[in-house]
Every structure is written in C-alpha cells, then in structure tokens.
Amino acid sequence: MPERRHLIASAIVVLLLALLPLAGSRYAVDLATEVLIYALFALSLNVVIGFTGNISFGHAAYFAIGGYACAILLTTHNWPLIFALPAAVVLAGLVAAVVGYFCVRLTQIYFAMLTLAFAMLVWGVAFKWKAVTGGDDGFTGIKLPAMLAHHVGFFYFTLAVVAVGVAALWVICHSAFGLTLVAVRENAVRAGFIGVDTRRMRWAAFTVAGTFGGLAGALFGMYHRGMYIENAYWTESANVLIMVLLGGIYSFVGPIFGAAALHLLQVFTNQYTPYWPTVLGLILLVIVLVLPNGLIGLAARFKARQGKT
Amino acid sequence: MTLTMFTLNAFYGLALAMNMFIIASGLNLIFGVLRVINFAHGMFYMFGAYITFTVTKSWGAPFFVGVIAAAASLAVISLVIERLLLKHLYDKEHLMQLLFTFAIVLLMSDAAKMIWGTDQYSVGYPAGLGGAINLGFVVLPQYQLFLCAVGPSIAVAMWLLVDRTRWGRVVRAATQDREMLAALGVNVPMVYAAVFTIGSALAGVGGALAAPRIALVPGMDATIINECFIIVIIGGLGNLWGSFLGALAFGLVVQFGTVLAPNWQDVLPYLLMLVVLLIRPWGLLGRPETGH
C-alpha cells in the first residue's frame with residue numbers, strides 16, 4: 001500500500017493541476033494537457049523497460065492504435081465516448097497481447113527489433129488503409145462530446161483519466177506482479193528457478209504497457225482532434241523512449257518527470273531556435289556521461305549530499 | 001513478368017543489396033567487436049554521400065576522389081567521437097551507449113543542416129560508368145554492375161582481414177575476452193578505436209557509392225539506419241556472411257516488392273525481419289547469445 005506521504009503528495013499535485021485553469025492562460029492549460037498525456041504514455045512504456053528490463057522500440061504502435069480506434073469509433077461510427085474510449089483501450093491491449101506473445105520469446109536487441117518490426121507494420125496499416133484511417137492525410141475532424149469541446153473541459157477530463165491511469169499503474173507495479181517483474185529483470189534465471197514463468201510475466205507486462213499506451217493515444221487523438229501516421233512511426237517510439245530514459249527507469253515516477261521535462265523543453269526551445277535536435281543531443285550526452293540514472297537519479301544524489309552536511 | 005523484367009529487377013535488387021551490404025557490414029563489425037549498437041551509422045552514411053557531393057560538384061574532383069574523401073572524413077570524425085566520448089561508455093549499459101549514439105545523430109543532423117542546408121542534391125555517375133551493357137535480352141547499367149562487383153570484394157576483403165590476419169585474430173579475441181587480451185599485452189583500446197574507425201569509414205564509402213543512385217536529402221539517414229539494422233539482424237548480429245545474406249534478402253525483397261506491391265516497400269523489410277526472427281530468433285547465421 002502506498003505510504004501516506006506519497007498519497008498526500010499525489011493529492012496535492014492533482015489539486016494544484018486542477019487549479020491551473022484558474023490562472024486563465026489557455027496556453028498553460030494546453031501545455032499541461034499535453035504533458036499529462038505524454039506522462040501516461042512514458043509511464044506505460046516503463047512497465048516494459050524499467051520493470052522487465054527489455055527495451056521496446058515500438059511503443060508508438062499501441063499509442064496509435066488507441067488513438068486511431070477511439071477516433072474512428074467516435075467519428076465514423078458515432079459511438080458515445082463512454083464506449084469508444086474503453087473499446088479503443090481494450091483493442092490496444094489486445095494487439096499488444098498478440099504482438100507481445102511473439103516478442104517475449106526474444107530478449108535484448110532482438111526483442112527490441114521485433115517490437116520495432118511490429119510497430120512498423122501498424123504504421124503500414126495506418127498508412128495504407130486509407131478508407132478507414134485517412135492514410136497519410138491523417139484522420140481529422142474527431143467528434144467530441146460538447147462537454148469536452150472546450151479546452152478546460154478537456155483538461156479536467158485528461159487530468160481525471162491520467163490520474164486514474166497512473167494510480168492503476170502504481171498499483172500494478174507495486175503489486176506482487178510488479179515485484180515479480182523486478183525479480184525477472186534482475187535475474188531471469190534465478191526467477192525461473194523459484195518457479196516464476198518469466199516469459200509469461202514479461203508477456204503480461206508488455207500487454208499492460210500496450211493497454212495504457214493505448215489510453216494515452218486515445219487522449220492524444222481527442223486532444224489534437226486528429227491522428228496522423230507520424231504518431232505510429234518509429235520516431236514517436238524513440239521520443240517516448242527518451243522521455244523514459246531522461247526521467248530514469250528505476251523509479252516509478254521518473255518517466256513522468258522525463259515526459260514533462262522533454263516536452264516542455266522542446267516547446268520552449270522551439271520558440272527560440274530551430275536547433276532543437278542540437279539541444280536534445282546535448283541533453284542526451286549529459287544524461288549518458290554524467291547522469292546515468294536520469295533526473296530522478298540526480299534528485300537522489302542531491303538529497304544524499306544534503307543529508308551528509 | 002517477362003524474363004527481361006525479371007532479370008532487370010533481380011539485377012537492381014542485387015545492386016541495392018551490395019550497396020546496403022557495404023554500409024551494414026560496418027555496423028555489423030562495430031557491433032560484433034564493440035557490442036555497441038551504433039545509431040549514428042546512418043548519419044555517417046549520409047555524411048559520406050554529402051561529402052562526395054561537395055568534393056565532386058563544388059570542387060570538381062573525380063567521383064572516386066569523392067569516395068576516398070568520404071571514407072577519410074568519416075574515419076577522422078568517428079575516431080574523434082570514439083577517442084573523446086565513446087571510449088568512456090564501453091562498460092556502461094547498452095541503453096546508455098544507444099542513447100549516446102542517438103545524441104550523435106541529433107548533433108550531426110543539425111551540423112549537416114548548417115553545412116549543406118536543406119536542399120536536395122544529386123551526384124552524377126562516375127566517368128566511364130554512366131553507360132549500359134547490352135546482353136541482348138536485357139540492358140544492364142554499368143554503375144549497378146560496378147556495385148555488384150564492389151560489394152563482394154569488400155566482403156572478401158573483410159573476411160581476409162578478420163579471419164586471416166594476425167590483427168584479425170586480435171579483433172576476434174577482443175570479442176571473446178577483452179580483459180585476457182589486455183593482460184596479454186594487446187592495446188585493446190586501440191583495437192576498439194580501429195574497429196570503430198573502419199566500420200564508420202565503410203558507412204562513408206557506402207554513402208559515397210549510393211550518392212549517384214539516390215537523391216541527397218536531409219533525413220536520408222533515418223531509413224538507412226533501420227534498414228541496416230534489419231539486414232544485420234536478419235543475418236545474425238556480428239556475422240559477416242550473415243550480413244551479406246541479409247543484404248541479399250533485403251535488396252531482392254525491396255526491389256521485387258516495389259514492382260509487385262507498389263507502396264508497400266516501406267513495410268516489406270520489416271515484414272521480412274519479422275518472419276526471419278519468428279523462425280530463426282538469432283538470425284539466419286547467428287547463434288544464441290550467451291550472456292554478454
């Protein structure tokens with residue numbers, strides 16, 4: 001069970017975020033909505049990376065499936081949101097379960113490349129199935145319930161969904177299941193010896209990651225009123241991977257900070273210079289050479305130093 | 001498909017395969033010895049192509065001077081990267097090395113934009129190789145024939161270097177047990193630097209040789225790096241002839257795919273890798289990893 005101070009801290013964060021629209025800045029609200037969505041996306045990927053120790057290069061696939069499915073159900077089929085969103089999330093989870101079934105047979109780079117291959121197939125389908133997905137024009141004009149059409153309404157909806165999603169992931173990652181995953185990550189052979197079906201555990205983790213990735217994607221599509229094939233491309237997978245690594249993979253909340261830092265930095269950098277790749281490249285060099293445990297590692301180091309003096 | 005069409009497509013597929021092999025073999029060598037997954041390899045390829053453009057078009061030098069300039073420049077660039085930064089990362093996790101090479105990609109992509117802008121460039125066929133050879137039922141372009149000769153030559157040269165020389169034995173020993181090799185008095189960091197330099201120079205050569213075939217645009221590195229990974233993975237990581245086989249499969253699948261299933265060619269290589277990995281999880285000629 002969560003410690004009391006964690007619960008209180010989370011409640012304060014949610015409350016502060018809920019107060020954000022009172023500041024009256026549409027820009028801030030939009031930015032916060034995006035950060036929330038990316039935070040959930042990054043957190044979902046970390047179930048695979050941080051908790052099983054496998055790198056997925058294809059996480060954008062589930063983001064895109066969730067996004068496209070929700071968009072298509074809402075718009076083409078006129079489903080109400082209350083059915084469309086869960087259906088999209090379930091679909092993303094199902095696809096992740098099928099793909100994961102094959103991927104978890106492999107480990108290391110082979111696992112990563114197989115996830116990439118499947119993700120590129122999803123991209124190919126989004127690209128070629130023009131009648132349904134809109135192809136390279138993207139799927140635009142997503143119909144939203146009136147309540148969510150306003151940016152503040154959508155922000156509260158996103159906040160609620162992301163809060164529930166993060167809480168669910170917290171429970172999953174700190175359950176016996178989550179701890180078993182850590183055991184598999186640390187030593188798959190030993191975990192196997194004590195009777196853990198390691199392949200099945202990694203499969204389950206992959207499915208969980210895909211499901212929540214799909215939820216983030218559904219929110220993303222609704223927020224942008226459209227899904228585009230770039231959202232399924234490997235660059236999107238690379239982006240979320242960097243968020244996770246920037247935040248730190250060995251901490252539950254790390255990816256949230258990584259998502260916020262990367263997204264905000266990108267938005268602000270783009271206002272001043274077209275050379276965002278250079279900025280990101282330098283950030284990555286710093287992470288790799290100086291801060292191998294990400295922002296969370298930096299915070300921990302800082303804390304340790306303060307404790308000493 | 002008539003015999004002429006079939007021959008022509010098979011031939012173009014082979015030429016593409018050989019060009020890809022040259023690039024992928026460098027990636028494969030670096031992975032095989034250093035165990036580093038070098039994402040910047042595609043960027044090295046792009047620099048190779050752009051440098052060839054500058055040397056041939058802006059300076060008016062012959063094409064093969066451009067190829068040599070590309071190889072030499074990439075050797076220098078990669079040596080600097082290796083000696084200044086990468087050498088600190090060999091003992092870190094794979095993930096950190098991967099992020100590092102990705103950072104190099106980002107920095108070099110902006111550098112390329114500053115140096116060459118975002119225009120599209122092209123490089124002409126080298127003198128004497130711009131024509132075609134008529135075989136009666138089919139006309140084969142000379143430049144592609146040239147690629148079909150260069151690819152296997154490089155494969156054999158690399159095989160001789162790695163399998164038949166003393167230095168090659170040292171390199172192979174470095175893949176087995178780095179500490180023991182160092183204890184025997186071999187300067188292992190220099191071996192690593194040499195391997196990284198040779199592998200990267202191959203990317204430069206591959207880019208230079210690709211330049212007459214393709215349009216030079218920003219972003220040309222991104223598809224190539226994925227395709228090289230596909231080739232290396234299909235063949236079996238670290239296996240030279242595996243990469244050769246992987247490149248052949250890749251070239252033929254892409255070429256015939258473009259003709260038989262237009263617009264699917266972007267997805268076909270991934271489909272190929274998927275099928276291979278599901279049947280042979282460690283690639284065609286690869287062996288299961290034994291806890292590196």
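Visitor: Which pLDDT values do local features and side-chain atom pairs need?
Guide: Residues are numbered from 1 along each chain as its sequence is written, and chains are lettered from A in the order in which they are written. As this is a predicted model, totals for chains, interfaces and linings use all residues, whereas local features need pLDDT of at least 70 and side-chain atom pairs count only at pLDDT 80 or more.

Visitor: What radius of gyration does chain B have, and why does it agree with a compact globule?
Guide: The C-alpha atoms of chain B fill a box of roughly 60 × 45 × 35 Å along the principal axes. The radius of gyration is taken over C-alpha atoms, and the globule rule is 2.2 Å times the number of residues to the power 0.38. Chain B has 292 residues, so a compact globule would come out near 19 Å; the value for chain B agrees, at 19 Å.

Visitor: How many helices and strands does chain B have?
Guide: Both are DSSP runs numbered from the N terminus: helices are H or I with at least four residues, strands E with at least two. Along the sequence, the pattern of chain B reads α-α-α-α-β-β-α-α-α-α-α-α-α. The count is 11 helices and 2 strands.

Visitor: Which element of chain A gives the most to the side that touches chain B?
Guide: Two residues are in contact if their C-beta atoms, placed from the backbone, lie within 7 Å. The contact takes 28 residues from chain A and 30 residues from chain B. On the chain A side, α5 (108-128), α12 (234-247) and α14 (276-289) each supply at least two residues. The top contributor, with 11 residues, is α5(A).

Visitor: At what angle do the axes of α3 and α8 of chain B cross?
Guide: Axes are lines fitted to C-alpha atoms, for helices over the stretch in contact, and angles run from 0 to 180 degrees between N-to-C directions. Helix α3 (residues 63-84) and helix α8 (residues 188-210) of chain B have axes that come within 7 Å and cross at roughly 145°.
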